[in-house]
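Subject: Structure for you to look through

Dear colleague,

I am passing on the structure we spoke about, and below it I have set down what was found in it. Please read the notes with the structure open beside you.

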Amino acid sequence: MRRAAVLGTGQTDHRSRRTDVSMAGLCREAIDRALADAGTDWSQIDAVVLGKAPDLFEGVMMPELFLAQSLGAVGKPLLRVHTAGSVGGATAIVATSLIRAGVHRRVLAVAFEKQSESNAMWALSIQPPFSAPITAGAGGYFAPHIRSYIRRSGAPPHVGALVAVKDRRNGALNPHAHLRQPDITLESVQASPMLWDPIRYDETCPSSDGACAVVIGDAAAASSSDRQVAWIKATAMRTEPTFYSGKDHVDPRAGAAAAAALWDLAGIKNPLDEVDVAELYVPFSWFEPMWLENVGFVGPGQGWKLVEAGETRIGGTLPVNPSGGVLCSNPIGASGLLRFAEAAMQVMGRAGEHQVAGASTALGHAYGGGSQFFSMWVVGRTP
Amino acid sequence: METLAAPLTIAFDYTRSLGPVLGRFMAGLRDRRVMGGRTADGRVHVPPLEYDPVTHEPVTDLVEVAPSGTVISWTWTGRPLEGQPLDWPFGWALIRLDGADTALLHAVDAGSAEAMRTGMRVRIRWAADRVGHIRDIECFEPGTATAGPPGPESEPVTMMTTPIRLHYRHTTSVEEDRYLRALAEGRIIGQRCPACRKVYVPPRFCPADGVAPDEVVEVAGRGTVTTFCVVNVPFAGQRLTPPYVVAQVLLDGADIPVPHLILGVPAEEVRMGLRVAAVWRDRADWGTTPENISHFAPSGEPDAAYETYAEHL
């Protein structure tokens, strides 16, 4: 298969309300930074792939229509990707596939969400006729599954708070992060209100305005770049129904299958030994130990032990979300692409203060819907 | 037989952060001025584009165009829809304002289709109350007008609100219809997948096998709490006052849990494995709705062993 590489990445300064920019302006902040980081310009971009979460979030039907010229897509192919919260990851993978198929030399992938324009919680809580008013909100959807994880794994209750402390402190090292809380402590997280028991306020992602963009190129584009690129070793996507009898909400089959395919394609036998840093999609802190197990870094019931031992901090065996992750910035449609871009930034050595020393292999991970869509990639410093 | 159906309306007041270009355009409308954006090729776009489609640079050169122009093409709408500029018959027209190179789609209040023609001259009818919104242009009308005296631009508008209302008709599937009609008789039914033999409540096409369900199975009004959360947070669209417990309840005889409320017990006493029974509303209030079951409450039976529901987490 043809090789593909991330040539450059860009992201906005994520905030709860970016009222200074329109949706177009938000996207361009990320795109212009990605083009500069890639050392390329519009004349070299062959196609544009746009991802964002469901249109109902901002209430703009098919925003790719009105955004076309602002995304530099006039006269070029423009594709829109939809896979709920995992869409940012899926967007990067679609762009990668266009390169690997030999269709294009350089593709721009961009994803955004302007949550302040709407209310995602409202959009997710619409009640159709003939249904019972059993609304619990986004956290209420995932909280029971976290309870199941705790029961199944025997994890002590402070593990979720440990993840929150780590991610928020990591976010303080990331100039783009929405939440930057260097002084957060285990005690302050545990003192924060219990929103959806067992999820506390400080263990929950924020609602953010933000965008992310990456430029992906083929081997010729990568070799003509005078900066370090992130070689895309493998990509994988898998899907399963949101609900079916026997669905494992703690260890979803699609996530495990995507990861198994990913490691196989990347030639990775022991992920915990061979991967230097992971950007996992963790909107609620307890998903870090759950996904550590689901993607196969450790066996069932072992994820929380890695967290408790401090091994997922920067400097640990497997730093997870050195950028601060979704817990610090959650422009939903962009959140998956941010995970993929941050993984690339680590192996390119361009992660600034949250750089993991010597990172040469990194995982980017995203999931969406009711643990329905999974997308992942492995990037490396060498082809 | 027709299945049950009901209307669904969803509405939300979305906001739009306008950014520097559209912010100036909306501020102009408030002042009864129309600003176009000049792109690098010299063309003036109305409304202005935020970014040049050819050079990709931000558009910064905004120029005032006339509040009147020429109809390039048009059609007639005899039955206006909710949310359109006028609620009586009008012409939808592509209008090129004098000084602009692109056409704007808007309504022409021409009285009748016979009064419309390509090439006709039209002018803006301004809204009486202008707030810096696209609706500051009420519509167009036959005639001409000239731009007002030049003056300083006022502060750009930063935010615009765009209320959106969507109307749907939700029609139930055969399976959902059967389930709802059983509920109206105080019964809870599921249907078995012919492939995996699992009983789905409510009945549905099997999400795992993709086939229609067959055997109708009546299930119990009692079951086991597999897992749950305590909702302590208020949010938009919420129907109950927090705190309350939303649990996954695996009904006896079903192979997939249903979400429901657990009441009649303090939230801190709800636990995985708790045995619960449906509490139905007064029979006089029953309809073809899941709301016939008010909530679930502890049944008094001993807790179910973890192994009995571990496959459903």
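Which residue in E14(B) is the bridge partner of A:Trp196? Before the answer, please keep in mind that this is a predicted model. The partner of A:Trp196 is B:Val231, and the two strands concerned, E5 of chain A (residues 194–197) and E14(B), pair in the antiparallel sense over two bridges.

That pairing leads on to the contact between the chains, in which 53 residues of chain B are in contact with 50 residues of chain A. On the chain B side, the elements that each supply at least two residues are strand E1 (5–17), helix H1 (19–30), strand E10 (159–171), helix H2 (174–183), strand E14 (222–231), strand E15 (244–251) and strand E16 (258–262). The largest share of this side, eight residues, comes from E1(B), and by class the side of chain B that touches chain A is made up of 31 nonpolar, 14 polar and eight charged residues.

Turning to chain A as a whole, the chain has 13 helices and 11 strands, and its C-alpha atoms fill a box of roughly 55 × 50 × 45 Å along the principal axes. A compact globule of 383 residues would have a radius of gyration near 21 Å, and the 19 Å of chain A agrees with this. Of the 383 residues of chain A, 62% count as buried, and among contacts between residues at least 6 apart in sequence, 79% join residues at least 24 apart.

Strand E1 of chain A (residues 4–11) is largely enclosed by the rest of the structure, because eight of its eight residues are buried. E1(A) pairs in the antiparallel sense with strand E7 (residues 209–218) of chain A over seven bridges, with A:Thr9 standing opposite A:Val214, and E1(A) also pairs in the antiparallel sense with strand E8 (residues 230–239) of chain A over two bridges, where A:Ala5 stands opposite A:Trp231.

The other element is helix H6 of chain A (residues 159–171), whose 13 residues reach 18 Å from the first C-alpha to the last, close to the 18 Å expected at 1.5 Å a residue. H6(A) is mostly covered, with 12 of its 13 residues buried, among them A:Val159, A:Leu162, A:Lys166, A:Asp167 and A:Arg168. The buried residues of H6(A) pack against helix H7 (186–191), helix H11 (287–294) and helix H12 (303–308) of chain A.

With best wishes

Methods:
Residues are numbered from 1 along each chain as its sequence is written. Chains are lettered from A and ligands numbered from 1 in the order in which they are written. This is a predicted model: local features need pLDDT of at least 70, side-chain atom pairs count only at pLDDT 80 or more; totals for chains, interfaces and linings use all residues. Two residues are in contact if their C-beta atoms, placed from the backbone, lie within 7 Å. Helices (H or I, at least four residues) and strands (E, at least two) are DSSP runs, numbered from the N terminus. Ala, Val, Leu, Ile, Met, Phe, Trp, Tyr, Cys and Pro count as nonpolar, Asp, Glu, Lys and Arg as charged, and the others, Gly among them, as polar. Two strands pair if DSSP finds at least two bridges between them. The radius of gyration is taken over C-alpha atoms; the globule rule is 2.2 Å times the number of residues to the power 0.38. A residue is buried if 20 or more other C-beta atoms lie within 10 Å of its own, exposed if 12 or fewer, and partly exposed in between; C-beta atoms are placed from the backbone. The expected span of a helix is 1.5 Å times one less than its number of residues.
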